[in-house]
Amino acid sequence: MIFKKESFSLSRKRIVFIAGILTALIFGLFLYIAFHLKISRTSHYTYGVLAKELRKRGEMALKAGSYTVARRFFERAMFFANSGKLFSLERELRKILEGSEELKKIGQGMVPFQGAWVKKEEFLRNYENARKTGEDLVMLNYKATAAIAEGNYAEATLIYEEIIKKYDEASWLIGSEFDRDKLMFNYRKALLLKEKKKGDKLFDSRAFEEAAALYIGILKNMQEYNLKEIELCGEIQSSLVNAFIESAVVKLTAQDWHGSKEMLDRAREELFLWKCMQSETMDKLEAKITEVFRRLYFSSIKQCQNFISGIIYSGDVQKTCSVLEYVINIFKLFDNPNRLSIQMGSSELCAQERHYRILEVLITGIIEKLQKDRSFYNFDEIKNLETLFQNTLSLVRDRIEKEQAARNEFADKLIVLEERAKRSVREGKYEESLRLYDEAIRFIRSSPFRGEVKYVAKIEELNAAQNKITEEIKRGKKEKILTSMEQLLMEGKLEEAVRISRDLHQIGDLTDATAKRILWLRDLAQNMRVYFADEIKGEAVPFFSRLYRKELKIKIEDISIQKLSGRKVGSQCFEFCVLGLANIYIETSQRLAAYPFTCEVNIKTCYDLMRITHQSLKCRENKVKSSLGQEPIFFGTQE
Amino acid sequence: MIRMPVVSFAMVIIIMLASACSRQDAAINYDELTAEELEILYQQGHRNILNKLCDAYAKWYLERPEAEWWLDGSEYKREAGLKFVDYCQKAYSLENNKKAADHLRSYYLSLIDKQPLYLGEFIFYLKGSENTKIYESFVEYDSHFVALIEHSVMMIDKILSMNRYKFSDNTSEMIALFDRYRKDLKRIEPNLFMFSAEIRLIISMFDNLIESLGKARSDFEMGWIIGEFRGQIKTVGTFVTNISRIIDNPESLNKDILVKISDILAVFKQNKEKYFKQYAVSFLEEGTMK
């Protein structure tokens, strides 16, 4: 009992203890609940903050069209909304994700790529390829730069072509890393350098004009493509100007003054055209041009001096005028305001036909121009040239004085010779006059005035006089032959007449009237037997036809002229009496007979009629013995 | 006896508070948050997460694939870069976070190629990161590489200017010199840090040069080969030359940073000169060129 009493009765201390424990537990529980509630509220809040901020960022990205970023923000916002049990926010976010086609596509593993939607894997493949291309471009750029540094411009050009091709394929990715304009610039620069190298090679092989043409092409291209490479431009411009200068030197050495001047003009033109050289280089090149120009000036004018010296003693006006033209052309090269005064009147000057006078005017003009050029070009050496021409002018003036005296003497002697020749002609001393004319021509030709137009014409005049005399001599000879032939024919000396006619061929020119008459007389002499036979036959045929009263054939043969005499009737005609022998052969159907005849024929012939006129004919048969047969036969024209 | 309830009460309170606090940690796991999310929290007053924020942004900026950035847009990457640098600089300056310095070192290294003046920032954060391995690679091996490149360029210029028409008289000496360069390059290659991309290309260039010189049949051909090599090495070595120039004349670097990195620059320069002098003993400089 005691035990029970003890077990069920609580001491006050124990009651306080148990109450304390209970109170502590209850208070602790409250505290725990309070802390738990606070902590839960803190994480809920944080999730909410994250979800809302991410949503805000997502909306901004969506507005900016960055769908992948927006999708990422919205998905994370949804995650935090869900974690924070912010269901209304979660619903709103889901609505946004489902309300946008672009966000839905991103959710389906698609990405926007170059204006289309592609699978992300495909995009990544493209990206990787483009990235590799970008790496390749870095290496290729190195290679191209190295090629340019080594001067392998052709190789660099090819590399740049490859670079640009690759760039265009992957420009969507590497567009910001590489500047296409810069690549094109490098490519064009490499092309130009390639061309420049070609130009430099041509320059080195002394093909200066071809090199210059290439350099101009390069500079034009640089301008067209706006390649502002001032250093390269300056280098090319310098090479261009040098090419023209060198070409001018080559032409200068070959004494092609005009070609040389043209090249120098081009050099000067190009020097100021492109405006990309430094002033120092420009000054050097300008000095070089001036130096070559100076050489051209002195070389060409010295050559003028040489030419003038070469013709001083020639006296050949033609040559002098050629030199005059040459000098004028040379001075046209330096056609500054100080023009050569004789340029315009060169033809008038030449017409004067005075060799030394032309030279005097020419040299005086040159000296005047040199005096003016001395201050214009500021070349000190012009003074020396001037002195040289002054000396030449003194010489020419001395020659002019001497020439005048010689000219007077020459003219007097020529007049004497000509007068003597003319007198001989008048006296019929043709051979003497011919000799005198010859002497006069030789005299002119051996004189220093032979080149002058006046004396060239005088020679022609003397030659004409000589020809006239020669013609006169020939005409006299022909007349003589004609007269002799007429005489011989009238005397019956036919053979001799023919022989004399042959002299006509030695004289020549068978076309004049005298020659034609000679030839006519020659034919007459040669054919006299034929005319004789024809006349006999003309009378014999009717005679024997009557005698035999039959058809017959007659031949006249064995003709010999015994005697011939003639006389001239008027100026054109001749009458001849021919006495001769001829056998007449008669053939009939029954018999053949031959009769020897002696005939006397009278004929007339005129030069203007050119035919034989029958006058009369008498023929008598020749009988050896008249007693042996019939009486001799006679026939002929009735008188 | 009276003390017991008080003790129990205190124990209950402690247990409750500990439990509440542990619940809070379990609710937000910062490691699962992205850089942008950490940034939101940081801006909301969670200042204790600065280091995590720097780390997250560094990884986000430096390690995220470029393709992903491209899809987002370059402005997001630029913004991330600025934030990365900003938070990591804060983390380094406020909390001396070596990891933040290391991230910044990586960042500035990636910029040096195009903007060599960031060399100062690179060295500053290299120093701050206390990355001994990289530091040693940089001052020991990169300095050797720079010395080798500068010496080889100088020698090639000398060879070309002094002996243009008589290469064949010194072929073996030239090849020996180039082979020495090549061997040294191969030896330092595994330890090189800054110029690890250039060295491979330069080794292959020396391989080609030595092979071509061995096959060359005339002085003209040799001259052409060496000339070509000079162009290549000068082009490829542009980055190396730029860095070397800055180290030799560091006045153009950020003045505040220059004061703090002058010791490293001095060591680099000293090493470079030491290696350069080692190469200076060569046939050409000894006057033995025929």
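A residue counts as buried when its relative accessible area is under 20%. By that cut-off, 43% of the 639 residues of chain A are buried. Keep the definition at hand for this tour of a predicted model.

**Stop 1: both chains, coloured by confidence**

Start with the whole model. The scores are ipTM 0.75 and pTM 0.51.

Select chain A. Its mean pLDDT is 86, and 94% of its residues reach 70 or more. Now go to residues 1-6 of chain A. There pLDDT stays under 50, and the model has one contact beyond four places in sequence for this stretch.

Switch to chain B. Here the mean pLDDT is 86, with 87% of residues at 70 or more. Select helix α1 (residues 3-27) of chain B, where confidence in the chain is lowest, at a mean of 58. Then select helix α3 (residues 50-63) of chain B, where confidence is highest, at 95. Residues 22-26 of chain B deserve a separate selection: pLDDT stays under 50 over them. The model gives those residues four contacts beyond four places in sequence.

**Stop 2: chain A in cartoon view**

Show chain A as a cartoon. It has 22 helices and seven strands. The accessible surface comes to about 36,000 Å², and 52% of it belongs to carbon and sulfur atoms. Among chain A contacts between residues at least 6 apart in sequence, 60% join residues at least 24 apart.

Pick A:Glu262, in helix α11 (residues 257-273) of chain A. Is A:Glu262 buried or partly exposed? Its relative accessible area is 48%, so A:Glu262 is partly exposed.

**Stop 3: rings and a charge in chain A**

Select A:Phe79 and A:Phe80. Their ring centres are 5.1 Å apart and their planes meet at 70°, so the pair is edge-to-face. Check the exposure of each partner. A:Phe79 has a relative accessible area of 41% and is partly exposed. A:Phe80 is at 2%, so it is buried.

Move to A:Arg517 and A:Tyr607. The charged end of A:Arg517 sits over the ring of A:Tyr607, 5.4 Å from its centre.

**Stop 4: chain B in cartoon view**

Of the 290 residues in chain B, 49% count as buried. The accessible surface of chain B is about 14,500 Å², and carbon and sulfur atoms account for 54% of it. Look at contacts in chain B with a separation of 6 or more: residues 24 or more positions apart account for 67% of them.

**Stop 5: the largest nonpolar core**

Select B:Leu119, B:Phe122, B:Phe138, B:Phe145, B:Phe178 and B:Met194. These touch the most other members of the largest nonpolar core, which has 110 residues.

Centre on B:Phe138. Leaving aside residues up to four places away in sequence, its contacts include B:Leu119, B:Phe122, B:Phe193, B:Met194, B:Ile264 and B:Phe268.

For a second, separate core, go back to chain A. Among its 75 residues are A:Leu232, A:Ile245, A:Leu285 and A:Val361.

**Stop 6: aromatic rings in chain B**

By the ring-pair rule, there are 59 aromatic pairs over all chains. Select B:Phe122 and B:Phe193. The ring centres lie 5.9 Å apart and the planes are at 15°, so this pair is stacked. The pair links distant parts of the chain, 71 residues apart. B:Phe122 is in helix α7 (residues 119-129) of chain B, and B:Phe193 is in the loop between α9 (171-188) and α10 (196-215) of chain B. B:Phe122 counts as buried because its relative accessibility is 0%. B:Phe193 is at 18%, and it also counts as buried.

Finish with a cluster. Select B:Tyr61, B:Phe84, B:Tyr92, B:Tyr107, B:Tyr108, B:Tyr118, B:Phe124 and B:Tyr125, which ring pairs link together.

How values were computed
Residues are numbered from 1 along each chain as its sequence is written. Chains are lettered from A and ligands numbered from 1 in the order in which they are written. This is a predicted model: local features need pLDDT of at least 70, side-chain atom pairs count only at pLDDT 80 or more; totals for chains, interfaces and linings use all residues. Side-chain values use heavy atoms; hydrogens and water are left out. pLDDT is the predictor's confidence in each residue, from 0 to 100. Helices (H or I, at least four residues) and strands (E, at least two) are DSSP runs, numbered from the N terminus. Contact means heavy atoms within 4.5 Å. Rings of Phe, Tyr and Trp (its six-membered ring) pair if their centres lie within 6.5 Å; planes under 30 degrees apart count as stacked, over 60 as edge-to-face and the rest as tilted. Buried means under 20% relative accessible area, exposed over 50%, partly exposed in between (1.4 Å probe, protein chains only). A charge sits over a ring if NZ of Lys or CZ of Arg is within 6 Å of the ring centre and within 35 degrees of the ring normal. Accessible areas come from the Shrake-Rupley method with a 1.4 Å probe; for residues, only the protein chains shown count as cover. A nonpolar core is a set of buried Ala, Val, Leu, Ile, Met, Phe, Trp, Tyr and Cys residues joined through side-chain atoms within 4.5 Å.
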